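Colleague: I would like to learn how to read the packing in a model like this one. Please take me through it feature by feature.

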Amino acid sequence: MKNRILWVWMLGIGIGIIISSSLNVLTQPKITEDFIRREARKLGMIDPKDYFDKSAMEKQKESPSQEKRNDLAFPAANHRITIKIPKGTTSKEIAKILKENRLIVSEENFLNKVYAKGMTGKIRWGKYEFSSDSSEDEIIEKIINGDFE
């Protein structure tokens, strides 16, 4: 009699596990790449592809001559340009400011350099003065060191 009760009890537990597992599988949301991104954003994570293009970074490493500037697009050499970086400005917004002031050729290349140097969170706000012929590396060093007016 005790063996039969034990057997029925074990059978009941087994059936319960099978039913709950089946319900879990049926009610799970379909896990897609889009679902994972949405859930990651809810947790405050970012997708680096949204901010940085690795292929452009690789191209830049291969051909360092990309910093050549078109004379029509940029002001005359040694022209002084003053920009203001407000407190709390993101790297992407800073790249946009620099591009608007014709200090950099590409926001994407600038962000890739900042990312490659591991300096995304180290850019300092303030008022900076640059020469129109400053290289991207000089600009990055200046705004990371806080060398402002």
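**Reading the fold and its packing**

Modeller: The protein chain has seven helices and two strands, where helices (H or I, at least four residues) and strands (E, at least two) are DSSP runs numbered from the N terminus. This is a predicted model, in which local features need pLDDT of at least 70, side-chain atom pairs count only at pLDDT 80 or more, and totals for chains, interfaces and linings use all residues. Residues are numbered from 1 along each chain as its sequence is written, and side-chain values use heavy atoms, with hydrogens and water left out.

Colleague: What pattern does the protein chain follow along the sequence?

Modeller: The pattern is α-α-α-α-β-α-α-β-α. Of the contacts with a separation of 6 or more, 63% are between residues 24 or more positions apart; contact means heavy atoms within 4.5 Å.

Colleague: What share of the 149 residues is buried?

Modeller: Buried means under 20% relative accessible area, exposed over 50%, and partly exposed in between (1.4 Å probe, protein chains only). Buried residues make up 26% of the chain.

Colleague: Which residues touch the most other members of the largest nonpolar core?

Modeller: In soluble globular proteins, nonpolar side chains tend to be buried together. A nonpolar core is a set of buried Ala, Val, Leu, Ile, Met, Phe, Trp, Tyr and Cys residues joined through side-chain atoms within 4.5 Å. Here the largest one has 19 residues, and Ile83, Leu98, Phe110, Phe130 and Ile143 touch the most other members. Two or more residues come from each of strand E1 (80-85), helix H5 (91-100), helix H6 (107-116), strand E2 (126-131) and helix H7 (136-145).

Colleague: Is Phe130 buried or exposed?

Modeller: Phe130 counts as buried because its relative accessibility is 2%. This residue is found in strand E2. Phe130 and Arg80 are 50 residues apart in sequence, yet 5.6 Å apart in space, C-alpha to C-alpha. Leaving aside neighbours within four places in sequence, the contacts of Phe130 include Ile81, Ile83, Leu98, Leu103, Ile139 and Ile143. Ile143, not counting residues up to four places away, touches residues including Ile85, Ile94, Phe110, Tyr128 and Phe130.

Colleague: How should I read a pair of helices, and at what angle do H6 and H7 pack?

Modeller: Two packed helices are described by the angle between their axes and the distance between the axes. Axes are lines fitted to C-alpha atoms, for helices over the stretch in contact, and angles run from 0 to 180 degrees between N-to-C directions. H6 and H7 pack at about 55°, with their axes 11 Å apart. That makes H6 oblique to H7; angles under 35 degrees count as roughly parallel, over 145 as roughly antiparallel, 65 to 115 as roughly perpendicular and the rest as oblique.

Colleague: Which residues of H6 and H7 meet?

Modeller: Asn109, Phe110, Lys113 and Val114 in H6 meet Glu136, Asp137, Ile139, Ile140 and Ile143 in H7.

Colleague: At what angle do H5 and H6 pack?

Modeller: The angle is about 135°, and the axes of H5 and H6 are 9 Å apart. That makes H5 oblique to H6. Residues of H5 including Ile94, Ala95 and Leu98 meet Glu107, Phe110 and Leu111 in H6.

Colleague: What lies in the loop between H5 and H6?

Modeller: Arg102 is in that loop. Its phi is near 60°, a positive value in a residue other than glycine. Arg102 is partly exposed, with a relative accessible area of 44%.
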